[in-house]
Amino acid sequence: MKRLFAYLLVIPILSTLAFAKVRIVASTADLASVAKEIAGPLAEVDNICRSTADPHSVEVLPSYMVKVARADLYLKVGLELDFWAELIIDGSRNAKLVVVDCSQGIVPLEIPTEKVNASMGDIHPQGNPHYWLDPNNGLVIAKNILGGLIQVDPSNGETYQEGFRRFQTELSSKIAEWNGAAQTLKGKEIVTFHNSWPYFARAFGVKIAGFVEPKPGIEPTPSHTAELIELIKARTISVIAREPYFSGKIPGIIAAATGAKVVVLPPSVGGAAGIASYFDLFDHLIEALQILEAK
Ligand SMILES: [Zn+2]
């Protein structure tokens, strides 16, 4: 009995020692998902931007700074998508925080050739920041996260390497599967609300014919909407894809005028029921776009 009592005391102490998890905060659920795949039970992973919220405009709350104050590793999207992360990181006053910009090594699309000004809308001077939507970039993200994990927790380096290799193997087999499933999408045109999809379009051969937004981050205008309706009719485009955080009002009007269907296309993990991981995200997106076949 005495011995049992001793065990009961010792076991919780040992287990807290053995499982002092690395604390990771990521800007988005997509980076958080890749981190979970690599670190598994060794890390506790949280994300700032909610899965169904717009990552371009996150209101910085003091509670986010408190969260980051306790973290070991911060994962940024970079390319200025999550410029708000800087305010959170500064506000956390966490001197030992390691910050990893997951866009390192990504080849950005749509780098502006002219000097960026406000009339161009929400254009990112370093290129389009929605790079995680090409699953081939998932491997670059994973490499960046692996580097961060090894830096904050070198004693478990081998385990992270193993987690990375597992992710790499699963990703390459899933990419082959997605390429197969996306054959039906090749060359088909869609209209999207925001310019979130150039990397996805490049990866799977879908063509983006236009945007509901006249310019990135700019609300739809009647004249642009009228032009888009003409374009959709002229090219018989069957799908208007809307990110879950943009209003369905104008897409609904365009759909009614053209016969095209509005498909809610979540660009992030957790953006719709059943998307629990980075792998689920592409399963969902390719499945949701099979509607293009029906045309
Ligand atoms: Zn954007």
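**Figure 1. The protein chain is divided into domain 1 (20–178) and domain 2 (183–294).** These bounds come from an automatic or database domain assignment. The model is a predicted one, in which local features need pLDDT of at least 70 and side-chain atom pairs count only at pLDDT 80 or more, whereas totals for chains, interfaces and linings use all residues. Residues are numbered from 1 along each chain as its sequence is written, and side-chain values use heavy atoms, with hydrogens and water left out. The C-alpha trace of the protein chain spans about 80 × 40 × 35 Å along its principal axes. Its secondary structure comes to 10 helices and 8 strands; helices (H or I, at least four residues) and strands (E, at least two) are DSSP runs, numbered from the N terminus. Of the 295 residues of the protein chain, 46% count as buried, a term for a relative accessible area under 20%, with exposed meaning over 50% and partly exposed lying in between (1.4 Å probe, protein chains only). Among contacts with a separation of 6 or more, 64% involve residues 24 or more positions apart; a contact means heavy atoms within 4.5 Å.

**Figure 2. Domain 1 and domain 2 bury an area of about 2800 Å² between them.** The centres of the two domains, taken over C-alpha atoms, are separated by 25 Å. Domain 1 brings 36 residues to the contact, and domain 2 brings 29 residues. Carbon and sulfur atoms give 61% of the buried area, which is the accessible area (1.4 Å probe) that two parts lose on being put together, summed over both. Leu109, Leu133 and Trp178 supply 25% of the area that domain 1 buries against domain 2, more than any other three residues. The count of salt bridges between domain 1 and domain 2 is 2, where a salt bridge is a side-chain nitrogen of Lys or Arg within 4 Å of a carboxyl oxygen of Asp or Glu. In a close-up of Lys174 and Asp283, their side chains meet in a salt bridge with an N to O distance of 3.1 Å.

**Figure 3. Strand E1 (residues 22–26) pairs with strand E2 (residues 43–47) in the parallel sense.** Two strands pair if DSSP finds at least two bridges between them, and E1 and E2 share 5 bridges. Val22 has Ala43 in E2 as its bridge partner. From E1 the chain passes through helix H2 (residues 29–39) to E2, forming a right-handed β-α-β crossover. A crossover is right-handed if, with the strands pointing away from the viewer, the path from the first strand over the helix to the second runs clockwise. E1 is also joined to strand E3 (residues 73–76) by 3 bridges, and these two strands run parallel. Within this pairing, Ala26 stands opposite Leu75 in E3. Strand E1 is mostly covered, with 4 of its 5 residues buried.

**Figure 4. Helix H2 is largely enclosed by the rest of the structure, because 9 of its 11 residues are buried.** The buried residues of H2 include Ala29, Leu31, Val34 and Ile38. These buried residues of H2 pack against E1, E2, E3, helix H5 (135–152), helix H6 (157–181) and H10. Just after H2, Gly40 takes a positive phi of about 50°.

**Figure 5. Ser277 and Ile275 lie in the loop between strand E8 (261–264) and helix H10 (278–288).** Ser277 has a relative accessible area of 10% and is therefore buried. Not counting residues up to four places away in sequence, Ser277 touches Ser33, Glu37 and Val269. Ile275 is also buried, with a relative accessible area of 4%. Its contacts, leaving aside neighbours within four places in sequence, are Pro266, Ser268, Val269, Gly270, Asp280, Leu281 and His284. Ile275 and Asp46 are 229 residues apart along the chain, and their C-alpha atoms are separated by 16 Å.

**Figure 6. Tyr131 is found in the loop between strand E4 (98–101) and H5.** Tyr131 counts as buried because its relative accessibility is 0%. Apart from neighbours within four places in sequence, Tyr131 is in contact with Lys76, Val77, Leu79, Cys102, Ser103, Ile106, Asn137, Ile141 and Tyr199. The C-alpha atoms of Tyr131 and Ser196 are separated by 8.7 Å, although these residues are 65 residues apart along the chain.
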